Amino acid sequence: MTLASGANEGQMQIAPQSELTNSFLELKTRADNLAQILNSGGNIFAPDDAVTAHPIRFTTPARIIGLAWLLTGNETYRTALFTLADQTLAVSPTSGNDFTQAGRAGALGIIYDWLHVDVTSRTHVASGRLYKDEMFDFVKATAHAQAGFICGSGGSTLSVEWKCKNGAPTPWATGTHADSNNSEMARAVLAMVDDFPELENLAVTLLQGDRDVVAPFRDYVAVDGAHHFGYDYGATYTQLFG
């Protein structure tokens with residue numbers, strides 16, 4: 001799908017001046033800026049790096065550049081996405097804190113999904129393997145590092161079958177990074193599970209934790225406008241904690 005102001009068959013037709021046009025131009029400006037940093041060898045994670053950066057330093061460029069690529073097919077964006085993947089894969093999946101680890105996995109999930117044809121056929125130069133295999137191993141290692149957040153009191157480790165060793169997952173519903181981390185892990189796992197069926201149990205484990213623990217707690221807390229994470233994210237005077 002390509003943005004177009006004319007009526008050429010097979011293209012998306014929109015008015016020259018519209019909210020959609022303006023939104024696309026804003027997206028393209030942001031994507032161009034991010035792609036320029038990546039393709040020129042700049043540090044997209046500044047002032048941090050791929051070991052210490054906040055998760056959005058990974059997922060935001062992946063989402064913005066990825067969407068621009070899907071809408072335009074501009075090779076500049078695809079090149080930038082692979083550069084982001086290379087910079088992410090260059091560090092240990094267990095390096096940095098839990099927040100950063102999950103953000104890296106989430107970004108790889110976006111790239112894997114939106115560049116699926118490429119990652120399943122293109123070679124990752126640094127390892128000599130296909131990108132899909134390198135990304136898969138990176139996400140697997142990250143999942144093991146995130147086991148405490150995925151399983152909670154259900155056990156701090158995952159079995160070889162990707163199940164919580166102490167039973168059903170019971171992730172923390174508030175006060176930790178568990179909800180955010182598990183969301184990023186789910187993004188990666190769901191992008192890869194069709195190619196790597198062994199991840200199906202991990203996908204189910206992540207779903208169970210959200211469905212059986214986080215979602216019910218969120219429904220209980222949010223009924224009066226609060227946020228499940230706690231005071232800083234909630235509406236003033238409407239907390240149910242305490």
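Predicted model: local features only at pLDDT ≥ 70, side-chain atom pairs only at ≥ 80, totals over all residues.
Visitor: What percentage of the 242 residues in the protein chain is buried?
Guide: Buried means under 20% relative accessible area, exposed over 50%, and partly exposed in between, with a 1.4 Å probe and protein chains only. Of the 242 residues in the protein chain, the buried share is 43%.

Visitor: Which residues have the most contacts inside the largest nonpolar core?
Guide: A nonpolar core is a set of buried Ala, Val, Leu, Ile, Met, Phe, Trp, Tyr and Cys residues joined through side-chain atoms within 4.5 Å. The largest one has 56 residues. Helices that each supply at least two residues of this core include H1 (19-39), H4 (98-114) and H9 (200-222). The residues with the most contacts inside the core are Ile-111, Met-135, Leu-158, Leu-199 and Leu-202.

Visitor: Which residues does Leu-202 touch, not counting residues up to four places away in sequence?
Guide: Contact means heavy atoms within 4.5 Å. With residues up to four places away in sequence left out, Leu-202 touches Ala-143, Ile-150, Leu-158, Trp-162 and Val-189.

Visitor: Is Trp-162 buried or exposed?
Guide: Trp-162 is placed in the loop between H7 and H8. Its phi is near 65 degrees, a positive value in a residue other than glycine. Most residues other than glycine have a negative phi, and most peptide bonds are trans. Because its relative accessibility is 3%, Trp-162 counts as buried.

Visitor: What is the omega of the peptide bond from Ala-46 to Pro-47?
Guide: Pro-47 is found in the loop between H1 and H2. The peptide bond that runs from Ala-46 to Pro-47 is cis, and its omega is near 10 degrees.

Visitor: Which residues make the nonpolar surface patch of about 240 Å²?
Guide: Patches are made of residues with over 30% relative accessible area and no salt bridge, with like charges joined within 9 Å and nonpolar side chains (Val, Leu, Ile, Met, Phe, Trp, Tyr) within 5 Å. One contributor, Leu-67, lies in helix H2 and counts as partly exposed because its relative accessibility is 35%. The patch of about 240 Å² is made by Leu-67, Leu-70 and Trp-114.

Visitor: How far apart are N and O in the salt bridge of Glu-75 and Arg-78?
Guide: A salt bridge is a side-chain nitrogen of Lys or Arg within 4 Å of a carboxyl oxygen of Asp or Glu. Glu-75 and Arg-78 both lie in helix H3, 3 residues apart, about one turn of the helix. Glu-75 is partly exposed at 36% relative accessible area, whereas Arg-78 is buried at 18%. The N to O distance in their salt bridge is 2.6 Å.

Visitor: Which residue forms a salt bridge with Lys-132?
Guide: Lys-132 counts as buried because its relative accessibility is 18%. The closest N and O atoms are 3.3 Å apart, and the partner is Asp-133.

How values were computed
Residues numbered from 1 in each chain as written. Heavy atoms only, no water. Helix = DSSP H or I, 4+ residues; strand = E, 2+ residues; numbered from the N terminus. Areas by Shrake-Rupley, 256 points an atom, 1.4 Å probe, with all protein chains shown as cover.
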